[in-house]
Amino acid sequence: MSHSNYLIIGSSHAALSALEAIRIQDTEGSITLVTQEDTLPYSPTILPYVISGQIDPEQIFLRDAEALDRHRVTFKKGARVVAVDPANHSVSMDSGETLKYEKMLLATGAEPTLPPIPGVKDASCHVLRTLGDAVRLQSIAQKAKSAIILGAGLIGMHAAENLAKAGVQIAIVEALPRVLPGYFDEQAAGLVQQVFTEHGIKILTGSTVTHVTASNGTCTVSLESGGELSGDLLLVATGVRARMDYLAGSGIDIGEGIVVDDTMRTSSRDIWAAGDVAEARSFFGGKKRVNANLPNAVEQGRIAGMDMVGDSALKPFTGGIARNAYHFFGHRAFSVGLVGRAESAGGIEVDQVFLPSSVQYQKMVFEDDRLVAVSGVNTMLDPGIMYELVRQRVDLSEVKARFAAGPLQMGRILMSKIWG
Amino acid sequence: MGKSYPTIAFYPDRCDGCNQCVEACAEFHSGTRNPAHSRIKVSQDGEEGAFFLALCRQCGEPRCVPSCPAGALKKDIDTGVVSLDESKCVSCQLCTLACPYGGITYNPITHQVMKCDFCDGDPVCVKACPRGALELKTGSDIYNGWGDLEDLFVPGISACQGCNSELLIRHTLRRIGPNTVVATPPGCIPGVGAVGFNGVTATKTPIFHPLLTNTAAMLAGIRRYYNRIGRDVTMLAFAGDGGTADVGFQSLSGAAERGEQMIYICVDNEGYMNTGVQRSSTTPYGAWTSTTPVGTVLRGKSRDAKPMALLMVMHNCEYVATACMTFMEDYYAKLEKAVEAAKRGMAYIHVFSPCPTGWRFPPSKLIEVGRKAVETNMVPLWEYEAEARCIDFTHPVEDPLPVKAYLSLIGKYNHLDEEQVAHIQRKTDERIETLKKFTREGDVKPIQDAA
């Protein structure tokens, strides 16, 4: 029976950050890295670029075998966890094998969900989460002439752009009134939508699908408004959920994800969780929720690894903040904080510049002279500096006018003075 | 052995905003002088006129590298450079969201991100700067520079393993040099053999052993003699906290008030360590010593430590600083100022000096204990210059760790209960608040002798 000092389930950003953090302190302890994928570690975020052929699927791996060897990692691929037994410090694998551990990190990420639309399950729809999905879509994209995408979140939008670049005619259907609703407000989303439309991509927002039918390799989507869309390919990107089915019966606290404290410990001793699977404290309001984005996974993974190895330099999680960077058709957008929702609260000041003709938008939201949200389309800001200003709750009362007039320069000056 | 990587140091006071570094960078990387292609960015604060730099720090543990979904960023273990493989980059921009320094930025002309690549090891920005505001440095350069100074302290002394004092004496004498008379009253430093054994001393400078009560008075007299015969010799005291804050306080206070020219270094190991770990007036609250034992009634020292360095600020000293050997660069910078200040009057440096033997922690943890003391704000690093009439934090801690992160490293605090820890946390926070009142932004200025 295999026994590891550290067992890491998953092999993407959270898992690899934890691995690095452990190895900084403990060069000897045995580490086993387990993934259900049949490949070396990769990031789901890269997959849309595989579809368009912008990047070779052989070039996407985050670590090669040599790097894993150098870290003295036992790497088990194609191995799926089916049950966890905290009392015995062991997990059961789909192969029937049992792995023992002293400390374990669950970084199993998320998996796509299918919406409860009649016909979706029967139509041969596609999702995009694994390299297998991406390679399949890439090969279909070479033959397909048209595609329908359900969902205008980051995965749907990235996939749409990359399928379009592969020569496929695209229609996107989104139930909410705008694209990328989790990250951008109406104006920013409007600019993104405008650019997509200019590139020949049809976007139907506020549209509900009533049912899906498939025949002779063509999918037909019926809309509540009465219209119909047809395509050679149906991609469902309406949402993801934490992948934690293997925890049934383990007694570990779960909600939307695996519930963790500020050092990523689960309710069970010697088990940590991080990344898209973890439900951790939010920066605003403190409520626990899944904050599924890549920078968050990196940060949580590092914290988990440091805590697992007892690194005394560990600083607890300061809370998840929604953040993302987005590049589309040569344009660039980013957001930090809840740009759309923050306005509803009291004591809020908003500073915005909206120049639709040049596809530019910038919005900053202040609460009690502190930046709480910022987003931009084609603005020259340093997103990482903006994030730190929010996270450190930097008091801007002395410099607010100068900050609003030149947030790029003032952001860099504040960075140099405060943490640079 | 660890590796030492180069870094580009920026000296803002030498920068006049000419932008030649920016243009050189753009030209090297794009063939044009358009600043949009530059990896180095200079900002000016319009109100204060000062210049600031945004440039990749080539971090030891970069945040951009693990945030790249394409594996396009890498920390090169040979050169230390965080390199970007443009053939792998998909322009997702997540690195720009991860970097807190504005070190990796979007180029709107190429639609790619860009970052400093050190120009194959010979950065053009450094060469282009006409005022020396940019310098290519490595960490080991800094240490090797100190290593080149003459070591005036012999090897083979009988200090305990992991003793902070040996490190302190060696570096202090390196900087202050041989033209020095050293006084060291009873305590660990003479105890380890600094003042002599078998007829020889451990220093290559004159050194003597005053009484606990009269260190500052004796140095004052020697300096006055040298002044009379026209020789500029530095007076240096290495005194323990007992010889400074308790027994030697009246002579120190008098010498400071008279403006006697000397560098007085208090080596504060928070008690009388060489005589068996008795409490002193700088022993912190809660600490176990042999005279503040831990039993059913007593729980270590019941009083807070005397704020010795702040008391010296109130003595019209020319220069006062706190220091910790973990922050060696900070200490050297303070010695520089102390040497100059001691030509005019008293320079007092209060060195936090953890003691593995008396405090009960492993000798290998000396540097770590110092780091945690500073990072928890238990030992704030600051300096006071008479001319400026205010205190400046030299290593401000924005986001201090809880004091427990420090206390848990040290055996003399093992017995503390939650209430005692809470007391120490509160006092630590209050002390920082008090110190802040004496800073440039604060509302209290130390009194200054009008004459």
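What is the relative accessible area of B:R371? The value is 32%, so B:R371 is partly exposed.

## Chain B overall

This is a predicted model. Chain B contains 15 helices and 16 strands, and its C-alpha trace spans about 70 × 60 × 50 Å along the principal axes. Of its 451 residues, 52% are buried. Where contacting residues of chain B are at least 6 apart in sequence, 66% of the contacts join residues at least 24 apart.

Chain B carries 46 positive and 51 negative charges, and their mean positions lie 4 Å apart.

## Salt bridges within chain B

B:R371 pairs with B:E368 in a salt bridge, with 3.0 Å between the closest N and O atoms. The two residues are three apart in helix α13 (residues 366–375) of chain B, which means a separation of about one helical turn. B:E368 is buried, at 16% relative accessible area.

A salt bridge also links the side chains of B:R223 and B:D232, at 3.2 Å from N to O. B:R223 is buried at 6% relative accessibility, whereas B:D232 is partly exposed at 43%. A network of salt bridges connects B:D151, B:E166, B:R170 and B:R174.

## A salt bridge between chains

Over all chains, the structure has 47 salt bridges. One of them is formed by B:D45 and A:R402, whose closest N and O atoms are 2.5 Å apart. B:D45 sits in the loop between β2 (41–44) and β3 (51–54) of chain B, and A:R402 in helix α9 (residues 400–405) of chain A, so this pair joins two chains. B:D45 is buried, with 1% relative accessibility; A:R402 is partly exposed, with 23% relative accessible area.

Methods: Residues numbered from 1 in each chain as written. Chains lettered and ligands numbered in written order. Predicted model: local features only at pLDDT ≥ 70, side-chain atom pairs only at ≥ 80, totals over all residues. Heavy atoms only, no water. Helix = DSSP H or I, 4+ residues; strand = E, 2+ residues; numbered from the N terminus. Buried < 20%, exposed > 50% of the residue type's maximum accessible area, 1.4 Å probe, protein only. Contact = heavy atoms within 4.5 Å. Lys, Arg positive; Asp, Glu negative; His and termini not counted. Charge placed at Lys NZ, Arg CZ, Asp CG, Glu CD. Salt bridge = Lys/Arg side-chain N within 4 Å of Asp/Glu carboxyl O.
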